[in-house]
Amino acid sequence: MTAKLAGPPDGGWGWVVAAAAFLVNGLSYGILRSLGLALPDLAEHFDRSAQDTAWVSALALAVQQAASPVGSALSTRWGSRPVVMVGGVLTSLGFVFSAFAGSLLHLYLGLGLLAGCGWALAFAPALGTLSRYFSSRRVLAVGLALTGNGASSLLLAPALQLLLDTFGWRGALLLLGAVTLHLTPCGALLRPLALPGDSASPPRGPVAALGLGLFTRRAFTVFALGTAVIGGGYFVPYVHLAPHALDRGLGGYGAALVVAVAAVGDAGARLVCGWLADQGWVPLPRLLAVFGTLTGLAVLAVGLVPGVRSEEGWGGPLLAAAGAYGLSAGSYAPLVFGVLPGLVGLGGVVQATGLVMMLMSLGGLLGPPLSGFLRDQTGNFTSSFLVCSSFILLGSFIYMALPGALPSCRPASPPATPPPERGELLPAPQVALHPPGGPPATLDTTC
């Protein structure tokens with residue numbers, strides 16, 4: 001049995017959970033990002049096209065995100081610790097099974113289905129558990145965990161290339177199976193935490209278990225719609241930023257530098273924005289709408305920058321636009337998960353995290369193929385990034401319907417005690433305090 005606390009500990013063992021979530025993020029999205037290095041070897045070995053082999057990583061990403069609500073439902077019923085540990089075992093088995101693949105179908109089943117399901121059981125429960133451990137420093141902790149993606153990519157990309165050169169793709173996948181097994185001890189670090197507002201009994205029925213009842217809350221429905229629309233453009237630069245740089249006349253190393261600048265800005269902004277959001281100077285929904293808008297404008301700038309005249313050109317405007325994109329997109333990422341406890345309450349944050357991952361996968365599956373189609377029709381990525389930015393700007397506009405996203409000048413009566421986090425973001429009223437015997441207190445307005 002776990003003793004029920006008065007509120008999130010906001011530290012202590014929560015930092016261990018943050019470290020575990022950092023590793024879970026690195027061993028999921030970090031490996032997914034680096035997995036593309038093995039695709040040329042797979043295409044050569046099985047004598048298949050690059051498009052056929054690309055479905056290996058695409059299917060793994062789609063399954064990981066689409067099945068995240070299942071991971072959240074299982075963790076709500078059995079707890080995050082055993083679910084994440086089982087997810088680590090499934091991911092490892094997926095890589096080991098794929099190391100002995102005799103056809104691309106085996107890779108689709110091993111890496112795409114089995115490893116994808118394992119990642120789905122690991123990521124959403126780990127990030128949802130982390131949100132339950134923090135209150136005043138929640139967005140900073142989430143931002144720290146989300147930097148595991150970039151840090152792991154920087155380490156795993158050269159390491160995976162070395163494994164491919166030394167052991168071939170079969171040996172590399174077998175060793176990655178051993179690496180991903182470390183998700184299991186990460187799950188063991190997710191100590192159960194009982195908080196006020198938690199349900200006394202596990203949810204019954206698929207609707208309650210998956211958290212679909214959260215869509216009855218207006219604030220969460222608005223947030224879900226905006227997030228799904230933004231997902232249609234958010235992942236396009238992940239896939240097509242380097243090809244766009246090549247189209248603009250930069251050489252291979254110049255395109256790699258563009259991607260590196262965006263990645264470094266993304267990782268640094270996640271920590272800085274996490275600290276900024278936790279200061280409470282600006283409501284989280286307002287920050288979400290602002291940085292979503294800045295991300296859309298930065299993507300628009302990436303699509304409109306002029307090309308260079310020769311491969312020796314260093315592409316200063318594109319580097320600047322890529323840096324702006326990395327900073328804005330990195331600032332947006334922790335806010336997406338940091339705002340959830342205020343929308344659904346601490347008791348529903350794990351389920352809400354899984355639903356958000358599923359919604360982003362819908363947009364993620366639409367955006368890159370649409371971008372590639374527009375590239376084939378127009379001969380460059382300019383129209384692709386323009387459409388991509390329109391999705392992000394439209395989703396940010398939808399966020400403005402969230403409570404606290406827009407300033408309000410209506411006077412509000414202060415509550416007698418601070419309200420608990422029950423799932424509704426309300427503007428915090430302020431009261432002008434006066435000494436005894438002075439004029440009566442007047443209500444302040446929040447603008």
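Predicted model: local features only at pLDDT ≥ 70, side-chain atom pairs only at ≥ 80, totals over all residues.
Local features were taken at pLDDT of at least 70 and side-chain atom pairs at pLDDT 80 or more, while totals for chains, interfaces and linings use all residues. Residues are numbered from 1 along each chain, and side-chain values use heavy atoms, without hydrogens or water.

Helices are DSSP runs of H or I with at least four residues, numbered from the N terminus. Helix H15 covers residues 316-338. Its 23 residues reach 34 Å from first to last C-alpha, close to the expected 33 Å. The expected span is 1.5 Å times one less than the number of residues. H15 is mostly covered, with 19 of its 23 residues buried. Buried means under 20% relative accessible area, exposed over 50%, and partly exposed in between (1.4 Å probe, protein chains only).

Helix H18 (residues 382-399) has 18 residues. It reaches 26 Å, close to the 26 Å expected. Its buried residues include Thr-382, Phe-385, Cys-388 and Ile-392.

Ser-152 lies in helix H8 (residues 148-180). It counts as buried because its relative accessibility is 11%. Leaving aside residues up to four places away in sequence, Ser-152 touches Gly-26, Gly-30, Ile-31 and Ala-157. Contact here means heavy atoms within 4.5 Å.

On the surface, Phe-97, Leu-105, Leu-109 and Leu-113 form a nonpolar patch. Together they have about 370 Å² of accessible area (Shrake-Rupley method, 1.4 Å probe, only the protein chains shown counting as cover). Helix H6 (residues 104-132) gives the largest share, 3 residues. Phe-97 belongs to helix H5 (residues 80-99). At 40% relative accessibility, Phe-97 is partly exposed.

Note on methods:
Helix = DSSP H or I, 4+ residues; strand = E, 2+ residues; numbered from the N terminus. Patch = residues over 30% accessible without salt bridge, like charges linked within 9 Å, V, L, I, M, F, W, Y side chains within 5 Å. Salt bridge = Lys/Arg side-chain N within 4 Å of Asp/Glu carboxyl O.
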